Amino acid sequence: MITTLSNEELVSRYVQTQQSAYFQTLYKRHYAAVYRFCWQHVRQPEDAKDLTQEIFVRLLRGLDTYAGRAS
């Protein structure tokens with residue numbers, strides 16, 4: 001099952017296959033934590049949502065170059 005894969009496995013499979021289900025699983029797994037982080041910095045719900053979205057867009061664009069050294 002896809003939800004039991006580690007973050008590293010999800011990234012690797014997404015890079016290999018470009019199947020959105022792998023990225024969607026990462027998104028669902030980490031959305032709340034990223035949103036909380038953004039909320040702590042901007043204290044505005046809409047701004048926090050925008051920043052969260054931007055973070056995930058940049059993550060998606062950079063997955064092809066991810067080397068696995070960052071958390």
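Predicted model: local features only at pLDDT ≥ 70, side-chain atom pairs only at ≥ 80, totals over all residues.
User: Which residues touch the most other members of the largest nonpolar core?
Analyst: Leu 10, Tyr 14, Tyr 22, Phe 23 and Leu 63 do, in a core of 13 residues. A nonpolar core here is a set of buried Ala, Val, Leu, Ile, Met, Phe, Trp, Tyr and Cys residues joined through side-chain atoms within 4.5 Å. Buried means under 20% relative accessible area, exposed over 50%, partly exposed in between (1.4 Å probe, protein chains only).

User: Which helices each supply at least two residues of it?
Analyst: α1 (7-17), α2 (20-42) and α3 (45-62). α2 gives the most, with 6 residues. Helices are DSSP runs (H or I, at least four residues), numbered from the N terminus.

User: Why would such residues group together?
Analyst: In soluble globular proteins, nonpolar side chains tend to be buried together.

User: Back to Tyr 22. What is it in contact with?
Analyst: Leaving aside neighbours within four places in sequence, Tyr 22 contacts Ile 2, Leu 5, Leu 10, Arg 13, Tyr 14 and Thr 17. Contact means heavy atoms within 4.5 Å.

User: New topic. How many salt bridges are there?
Analyst: The count is 2. The rule asks for a side-chain nitrogen of Lys or Arg within 4 Å of a carboxyl oxygen of Asp or Glu.

User: What does Glu 46 pair with?
Analyst: Lys 49, with the closest N and O atoms 3.7 Å apart. Both lie in helix α3, 3 residues apart, about one turn of the helix. Glu 46 counts as partly exposed because its relative accessibility is 49%. Lys 49 is also partly exposed, at 41%.

User: And Arg 58, what is its partner?
Analyst: Glu 54, and here the closest N and O atoms are 2.8 Å apart. Arg 58 has a relative accessible area of 59%, so it is exposed. Glu 54 has 34%, so it is partly exposed.

User: Last one. Where is Tyr 35?
Analyst: In helix α2. Beyond its neighbours within four places in sequence, Tyr 35 contacts Pro 45, Ala 48, Lys 49 and Thr 52.

User: How far apart are the C-alpha atoms of Tyr 35 and Glu 54?
Analyst: They are separated by 11 Å, with the two residues 19 apart along the chain.

How values were computed: Residues numbered from 1 in each chain as written. Heavy atoms only, no water.
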